[in-house]
Each structure stands twice: as structure tokens, then as C-alpha cells.
Amino acid sequence: MPYLFPKKRLVALIAAVLVALMAVVLAAGCGAKKEGETGKTDKNGERVMLTWPTSYFDNQRDGRSPYTGPNAVEVKWTYAAAAQTRYSWAVIGKDGSIISGFLGKIASINPDDGSLAWEFPVGNFEATTCAVAGGGTVYGSAGNTVYALSSKGKQKWTYDMGSEADEPTCGSDGTVYVGSTGGRLVALSDDGRLIWEYKAPGNIRSPSIDEDGNLYCGGSTLVMYALDEDGKEKWVFKPEGDLPLYEGLTAWQNTLAVPSIGDDGTIY
């Protein structure tokens, strides 16, 4: 005679399974972003996943990765650049290479053993943090010049900002945005042509970009600019209070920092 599972126990078991499934779904949706949400959209509308293509991870500058980091620190290798770097962060190229700016060069490092893959000279200037586009093009700045390099480190084009250039930001449509100490923010096509420019009275940083394509740029003296995707000014924000100003620090002194954009569009 077949065993009949008690009805109350069956209901309780089903409820427990449903609760467990809900917990898994909620856990997957909290904390780090899903992989698809952090990809870039190419010109064909396809999502291209890049591991860490720019400083603070993505154009929203939220610093949140979909990947789980190591539980313990273990040094796999070190790279001796033979050149100093003060403010350039490492980013990860489309092929997994580690790309960073140094004094006099932009270098790509093999992730497996720390050996040099390629380096590109930028004169006597210190290269900024680079940005990697969905197609693999590497953008970096040094001095007044913006550089576009292939994934193998070959120059594609350059653009002269007229004053010290900030690190580039790559839009999802391939547009490259660069700010400068001269107050000039430009939008460049992926082949180096000027699309538009915006002029600020002081320094202006390269932007963070929200999901609608709006740009948010820190500037001096302690202001933030909001522009639409065509470079038209939407608003200017200055924090309240008597904030301290400093003299003689860096070219970017007294410039409001690059903002982070929350999932709900809040600007931090």
C-alpha cells in the first residue's frame, strides 16, 4: 500500500521550499550588481562585459563589481615600472590585460605573470588612469594630449585639449568625454573628431554618466555641472557653507570630486 504524505507536512514542506527560493532570489539581487548590468552597449546594441574598464568600475562611478573578491590576500606578482605613478589607477582591458598610466608611458601588463605586454610613450608627462571602450580601444591622457590606442598599444589618434587633460570617460555609444584644467570639456567621436565642447570658468573634470546619458562633472571652485548628452547645461550646484580652499597643491585643487550615481539616479 503506498505511503500517504500527511497534508499538513506537505503544505509546510512546500512553504519551506518557497521561502528558500525567495531567499536565493533576493540574495542574487542585493549587494553587487548582476553581470549584465555592468556591461557596455556597443553600436549594434549588444552588451559587452568588461571586468573593470575605468576608475570606480563604471560610468556611474559606483565602485561596485559583480565579482566576488578573494577571501585572503596572496601576492601573485609585482610589476616594476621603473617610473613613478601618483594618481593613475589600474584598469582591466577587454583581453584581461592590466593597463595603467605611469610617468612617461602607458603600460599593459600580462595578468598571469606580471610581464610587460606593451608600453606606449607619452613624453615627460604622467599618464592618467585609462578607460577601455567596449571594442577594446584604450583611452588615456598625458599633459594636454588625449590618446586613443588599440588593444595592442598602437596609436589610433590624439587630441590636444590646450591644457592639462583629465582621464577620459567612454560613453556607451562610443563617445569619449574629457575635461581639463582650462575649463574645457569635450565630446569626441571614436575616431577623434570634436562633437561638441562646453566651457567652464575654472577646472572641469571628465564626467560620470547616468542611464539617460546625462553628464555630471566636478569643477572648481567646488562646483558640479550637469549637462545633457548634447553638452547643454542643465544646472550648476555648489555645496552650502564656508568650505576651505587651498593654495599650491595640484592643478586640480579645489575641484569638486567625481560624483557617484546611485541605482535610483541620486548623485553623491
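Predicted model: local features only at pLDDT ≥ 70, side-chain atom pairs only at ≥ 80, totals over all residues.
In which sense do strand β16 and β17 pair, and over how many bridges?

1. Strand β16, which covers residues 223–227, pairs with β17 in the antiparallel sense, and the pairing extends over four bridges. Within this pair, Tyr 225 is the residue that stands opposite Val 236 in β17.

2. In general, strands of a sheet pair through backbone hydrogen bonds, in either a parallel or an antiparallel manner.

3. Elsewhere in the chain, strand β7 (residues 138–142) runs antiparallel to β8 and is joined to β8 by five bridges, with Val 138 standing opposite Leu 149 in β8. The two strands make a hairpin that has two residues between them, and Gly 143 in the turn shows a positive phi of about 60 degrees.

4. Strand β8 is also joined by five bridges to strand β9 (residues 155–160), again in an antiparallel arrangement, and here Ala 148 stands opposite Trp 157 in β9. The hairpin of β8 and β9 has five residues between the strands, and Gly 153 in this hairpin takes a positive phi near 85 degrees.

5. Why is strand β8 described as largely enclosed by the rest of the structure? Four of the five residues of β8 (residues 145–149) are buried, and the strand is therefore largely enclosed by the rest of the structure.

Definitions and conventions
Residues numbered from 1 in each chain as written. Heavy atoms only, no water. Pairing = 2+ DSSP bridges. Buried < 20%, exposed > 50% of the residue type's maximum accessible area, 1.4 Å probe, protein only.
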